[in-house]
Amino acid sequence: MDRREAIKALSLGTLVAGFSLTGCETAPEEAAIEHEFWKHVTEEDLKKWNAQFFTDHEFETVRQLANMIIPADERSGNAEEAGVPQFIDFMMLDKPGNQTPIRGGLRWLDIQCQKRFSKNYIDCTDNEKKDMLDEIAYPEEAKPEMQQGVAFFNRFRDLVASGFWSSKIGIEDIGYMGNRPHNWQGCSHEALEHLGLENKATG
């Protein structure tokens, strides 16, 4: 299972279990917020989006980091193409409890990159970014001094996954068909027979 598939499995599995990715709210409540965002925001809105919470530098960091977490593949586009950075910006205002951890985490990431590579995260090469994220993406392997980064990355990854797989691109990536009218032909005879209900269905 590659990284993208692992994140998808994690996000879908957690939502099916009945809780949001952060474990703080029930999935229906979280899903309602996501639905409202994607219901009212058009592709044109995403293109013209001005960050409501993040500074320009923070928003660029969010964009690049989200794309590292969910890159484009042969099935669909990356996090940016799905509108995930805008979704995260919206969630900062809708869920203020995320503001300090995410803003602090973005700052922490820049400080670590400055120490390692003498530049901010957005100015690092892809290999440098990967090396940095490898230090915080695997909690069981992370060093004690990286725990702040681990907590930030877990929260940020959850936001990315939640935003991506509730977006149009993400839903298509999952292969969700939804409720299609006129396709329901009723239970098959075999299924009814197995349940002992075939007589009730015909009578």
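**Stop 1: an exposed loop residue**

Select Ser118: its relative accessibility is 62%, so it counts as exposed (exposed is over 50% relative accessible area, buried under 20%, partly exposed in between, with a 1.4 Å probe and protein chains only). Ser118 sits in the loop between helix 7 and helix 8. Its phi is near 60°, a positive value in a residue other than glycine.

This is a predicted model, in which local features need pLDDT of at least 70 and side-chain atom pairs count only at pLDDT 80 or more, while totals for chains, interfaces and linings use all residues. Residues are numbered from 1 along each chain as its sequence is written, and side-chain values use heavy atoms, with hydrogens and water left out.

**Stop 2: the whole chain**

Zoom out and colour by secondary structure. The protein chain has twelve helices and zero strands; helices (H or I, at least four residues) and strands (E, at least two) are DSSP runs, numbered from the N terminus. Of its 203 residues, 39% count as buried.

**Stop 3: helix 8**

Select residues 126–134, which form helix 8. Which of its residues are buried? They are Glu128, Lys129, Met132 and Leu133. Viewed down the helix axis, these buried residues fall within an arc of 130°, so they line one face of helix 8 (the arc is that of the directions from the helix axis to the C-beta atoms). The face turned away from the buried side carries the exposed residues Asp126 and Asn127.

Now show what covers the buried residues of helix 8: the cover includes helix 4 (56–69), helix 7 (99–117) and helix 9 (147–164).

**Stop 4: helix 4 against helix 7**

Keep helix 4 and helix 7 on screen. They pack at an angle of about 80°, with their axes 11 Å apart. Axes are lines fitted to C-alpha atoms, for helices over the stretch in contact, and angles run from 0 to 180 degrees between N-to-C directions. Helix 4 and helix 7 are therefore roughly perpendicular to each other (65 to 115 degrees).

Show side chains next. His57, Glu58, Thr61, Val62 and Leu65 in helix 4 meet Arg103, Leu106, Leu109 and Asp110 in helix 7; contact means heavy atoms within 4.5 Å.

**Stop 5: confidence**

Colour by pLDDT, the predictor's confidence in each residue, from 0 to 100. The chain mean is 80, and 70% of residues reach 70 or more. Over residues 11–26 the pLDDT is below 50. It also stays under 50 over residues 179–184, for which the model has zero contacts beyond four places in sequence. Where pLDDT is low, the predicted coordinates should not be read in detail.

Conventions. Parallel < 35°, antiparallel > 145°, perpendicular 65-115°, else oblique.
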